[in-house]
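Hello,

Here is the structure for your files.

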Amino acid sequence: MNQLKQIHAYTLRNGIDYNKTLTERLIQIPNVPYAHKLIDLIPSPNVFLYNKLIQAYSFQNQLHQCFSIYSQMRSRNCTGNQHTFTFLFAACASFFSPLHAQMLHTHFKKSGFESDVIALTALVDMYCKLGMVAFAHRVFDEIPVRDIPTWNALIAGYSRCGDMEGALKIFKLMPDRNVVSWTAMISGYSQNGRYAKALELFLKMEKENGLRPNEVTIASILPACANLGALEVGDRIETYARENGLLRNLYVSNALLEMYARCGKIDMARKVFDKIIGKRRNLCSWNSMIMGLAIHGRSHDALHLYNRMLIEGIAPDDVTFVGILLACTHGGMLVKGRQLFQSMERKFRIAPKLEHYGCMVDLLGRAGELQEAYNLIKSMPMKPDSVIWGALLGACSFHKNVEYAEIAAGSLFELEPWNPGNYVILSNIYASVGRWDGVAKLRKLMKGGQITKTAGYSFIEGGGKIEKFIVEDLSHPRSDEIYTLLNEISTKMKQQSADNFEPDLEGLCLME
């Protein structure tokens with residue numbers, strides 16, 4: 001940088017026009033404000049320099065500067081080209097300004113570059129990122145010749161808005177698809193909580209010739225495996241990622257760590273964490289590992305990792321505190337939990353959220369401190385939700401406390417009147433203390449409100465596929481075979497039990 005300033009000073013002293021080259025070099029460093037000043041000194045800067053400057057400011061998220069430069073171009077009679085609009089559309093997408101977006105679109109239509117597919121794709125992408133998918137689709141329909149990125153931009157737009165049916169419709173209409181097309185769909189399903197569909201599409205993608213999942217694909221499908229408990233597929237994905245060097249990508253490593261932790265393989269998760277060397281670990285890595293240890297009951301390990309994180313200079317966030325409070329809950333560490341909860345604001349200036357209050361209510365409730373748990377709920381700066389009251393009700397169930405159970409259940413009946421679980425828990429609490437009048441009253445309420453307990457279901461992984469089973473389910477195409485096998489197993493278990501039973505004849509004789 002100092003060398004460039006010296007060159008600039010030399011050119012000024014000797015009247016050499018070196019500004020254009022200097023500007024390009026400065027943008028590469030980048031010292032964008034200094035480059036901007038140089039451009040202002042050039043009598044007639046060309047569109048290339050302006051485009052470079054717009055692009056540089058866009059990368060630095062100084063989006064107001066991008067539009068300021070565009071206005072300066074127009075005032076200095078420098079006509080933008082298709083690249084100008086491409087960079088501006090990208091900047092506008094991050095700026096979240098529909099007004100600027102439509103203004104740019106109008107200028108673009110008048111520019112004469114309306115047939116440039118790269119600029120048009122950027123325009124579609126801009127509208128999609130602004131949530132204006134109808135505008136994006138309208139532009140898409142007007143493009144005479146579309147390439148794969150244009151289709152992909154529209155698919156990503158529908159996915160981002162949660163309209164996976166719309167995304168799938170576009171996906172099926174595509175004449176050609178690449179790995180980005182498949183990844184956009186897989187990522188969309190995964191981010192919208194439709195994990196089974198994400199996994200189904202990934203398995204189909206694997207069968208496509210010439211398509212190889214990239215790091216984005218892997219980072220998108222692993223959360224689906226984590227939520228479905230699809231460990232078999234997850235193991236296979238890890239092998240692929242390792243063989244293709246994709247674990248160098250931090251997002252992939254973090255997703256793999258999360259997958260193993262959620263699927264019960266906490267030691268494998270720890271191995272992945274330990275292989276993310278030093279400064280490559282980010283806060284997400286630490287949080288996922290702490291949370292995984294906490295959920296698996298390894299409370300001391302979770303708190304040890306938290307202390308190590310602080311020693312390494314990593315500042316915790318609200319997610320970190322959910323993990324360590326959960327560790328205290330699972331470990332029954334009431335005093336430590338109180339200390340950590342108080343340290344959030346005092347030491348780290350992190351205001352507790354609903355999740356943190358939920359953890360504390362659960363921790364206090366399990367320890368039998370129901371009065372303190374209730375007082376904490378009443379002191380919350382926000383309205384308690386069903387998770388908070390559910391934690392208190394669960395604690396009341398464990399300690400057979402009717403007083404606070406009725407308060408918690410009353411709030412839950414208002415928040416989620418459709419949920420039969422709350423009625424069942426309160427009914428069980430009444431039954432545990434012999435309050436049969438309360439049991440009868442709740443049954444009458446459930447019957448009158450037509451509240452029925454929903455059937456439970458399970459996901460079972462086999463042969464790389466996820467199957468969903470409901471109690472006494474007959475919808476599976478091979479249900480006859482399944483029930484036949486289950487009956488055989490049940491018969492063998494009963495026979496085995498009978499064979500192992502040897503009555504005490506001597507004892508029977510003595511009893512007689």
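Start with helix H8 (residues 117-129) and helix H10 (residues 148-160): their axes come within 9 Å and cross at roughly 0°. Axes are lines fitted to C-alpha atoms over the stretch in contact, with angles from 0 to 180 degrees between N-to-C directions. H8 is therefore roughly parallel to H10 (angles under 35 degrees; over 145 is roughly antiparallel). Helices are DSSP runs (H or I, at least four residues), numbered from the N terminus.

H8 brings Val117, Thr121, Val124, Asp125, Cys128 and Lys129 to the contact, and H10 brings Pro149, Thr150, Ala153, Leu154, Gly157 and Arg160. Contact means heavy atoms within 4.5 Å. These residues divide into six nonpolar, three polar and three charged.

The model is predicted: local features need pLDDT of at least 70, side-chain atom pairs need 80 or more, and totals for chains, interfaces and linings use all residues. Numbering runs from 1 along each chain as its sequence is written, and side-chain values use heavy atoms, without hydrogens and water.

Next, H6 (residues 82-95) and H7 (residues 98-111): the axes come within 10 Å and cross at roughly 165°. That makes H6 roughly antiparallel to H7. On the H6 side, Phe85, Leu88, Phe89, Cys92 and Phe95 meet residues of H7, including His100, Leu104 and Phe108. The H6–H7 contact divides into eight nonpolar, four polar and no charged residues.

Last, Thr217 in helix H14 (residues 215-228). Thr217 is buried, at a relative accessible area of 0% (buried is under 20%, with a 1.4 Å probe, protein chains only). Beyond neighbours within four places in sequence, Thr217 contacts Val179, Thr183, Ile186, Phe202 and Met205.

Best wishes

Methods:
Helix = DSSP H or I, 4+ residues; strand = E, 2+ residues; numbered from the N terminus. Parallel < 35°, antiparallel > 145°, perpendicular 65-115°, else oblique. Nonpolar A, V, L, I, M, F, W, Y, C, P; charged D, E, K, R; others polar. Buried < 20%, exposed > 50% of the residue type's maximum accessible area, 1.4 Å probe, protein only.
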